[in-house]
Amino acid sequence: APASATPQQQEGYRFLSSILPASNIKQVESEALKRQAEYHARVSDLEGRLALFHARLAMESAERGRDHEYTMDEVVYKP
């Protein structure tokens with residue numbers, strides 16, 4: 001167990017090592033790291049898509065603002 005682990009975590013590590021042979025611990029660790037990498041890739045993809053959405057939203061908002069300003073000038077202020 002890592003030195004920084006809490007007593008509850010250390011107990012969990014001891015329990016895990018008592019029920020799993022050493023080779024299985026390596027396999028479990030390998031699978032956990034694989035899942036972590038997959039989740040990280042998903043999160044990175046979602047963050048990228050969110051950033052793209054925000055950029056598109058900002059551009060659309062600016063365009064609508066210009067359209068609104070033009071309409072106000074043409075319909076409200078000029079007549």
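The points below go through the salt bridges and the exposure of their partners.

1. A word on the basis: this is a predicted model, in which local features need pLDDT of at least 70, side-chain atom pairs count only at pLDDT 80 or more, and totals for chains, interfaces and linings use all residues. Residues are numbered from 1 along each chain as its sequence is written, and side-chain values use heavy atoms, with hydrogens and water left out.

2. The structure contains three salt bridges (a side-chain nitrogen of Lys or Arg within 4 Å of a carboxyl oxygen of Asp or Glu). In general, side chains of opposite charge can pair when their charged atoms come close.

3. R49 pairs with D45 at 3.6 Å, N to O. The two are four residues apart in helix 2 (residues 22-77), so about one helical turn separates them; helices here are DSSP runs of H or I, at least four residues, numbered from the N terminus. R49 is exposed at 54% relative accessible area, while D45 is partly exposed at 42% (buried is under 20%, exposed over 50%, partly exposed in between, with a 1.4 Å probe and protein chains only).

4. E60 and R64 form a salt bridge at 3.0 Å, N to O. Both sit in helix 2, four residues apart, about one turn of the helix. E60 is partly exposed at 40%, and R64 is exposed at 57%.

5. K78 bridges to E74, with 3.1 Å between the closest N and O atoms. K78 is exposed, at 60% relative accessibility, whereas E74 is partly exposed at 35%.
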